[in-house]
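Thank you all for coming; I would like to walk through one structure with you this morning, and I will begin with a question once it is on the screen.

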Amino acid sequence: MRPIMNENHNKNLLLVHVLWAVLLLISIITVRSIFMDQVSDAEQNLERLIEVSQNNNLLQEQLKKMEIEKNKLNSELQGFDKSMNEQLMKQKKLEDSLSLKKSQAIEKTNSEVIAFKPDQNNCCYCSCGNNVFDDSL
């Protein structure tokens, strides 16, 4: 047995279907709106990612250039250190040579300086204590 459907029941059933259709339409519009927002956010994030990757590439290139420059400066510094060490060695040798020449010159002047002093007999003799006249006798 089939229940008798009256017009109120049909109206109620129609109202339920319209309500479901409206809810479905609202959910579709909401989901579409959320989806479109997500798409625009994804596009913005993609643009930011591209910018960041480009900046990263530029920074890597600058880092490579700076490393090359650092290596170049280090090699120049090592060259300067080596040159300075060589100059210090030359200077030390020259100072040693100069001090040796000074000591030789002092010894030479000390050995060549002979001061003659008169003695009791009005004769000159060497200040070193050697009497040149005593040796000849």
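Is Asp 96 buried or exposed, or does it fall in between? Please keep in mind that what you see is a predicted model, and that in this model Asp 96 has a relative accessible area of 41%, so the residue counts as partly exposed, because that class covers the range between 20% and 50%. The side chain of Asp 96 meets that of Lys 92 in a salt bridge, with 3.8 Å from N to O, and Lys 92 is likewise partly exposed, at 48% relative accessibility. Both Asp 96 and Lys 92 belong to helix α1, where they sit four residues apart, which is about one turn of the helix. In general, side chains of opposite charge can pair when their charged atoms come close. A search through the whole structure turns up one salt bridge.

Let me step back to the overall picture. The protein contains two helices and two strands, and along the sequence they follow the order α-β-β-α. How many of its residues are buried? Of the 137 residues, 1% count as buried, while the accessible surface comes to about 13300 Å², with 60% of that belonging to carbon and sulfur atoms.

How values were computed:
Residues numbered from 1 in each chain as written. Predicted model: local features only at pLDDT ≥ 70, side-chain atom pairs only at ≥ 80, totals over all residues. Heavy atoms only, no water. Buried < 20%, exposed > 50% of the residue type's maximum accessible area, 1.4 Å probe, protein only. Areas by Shrake-Rupley, 256 points an atom, 1.4 Å probe, with all protein chains shown as cover. Salt bridge = Lys/Arg side-chain N within 4 Å of Asp/Glu carboxyl O.
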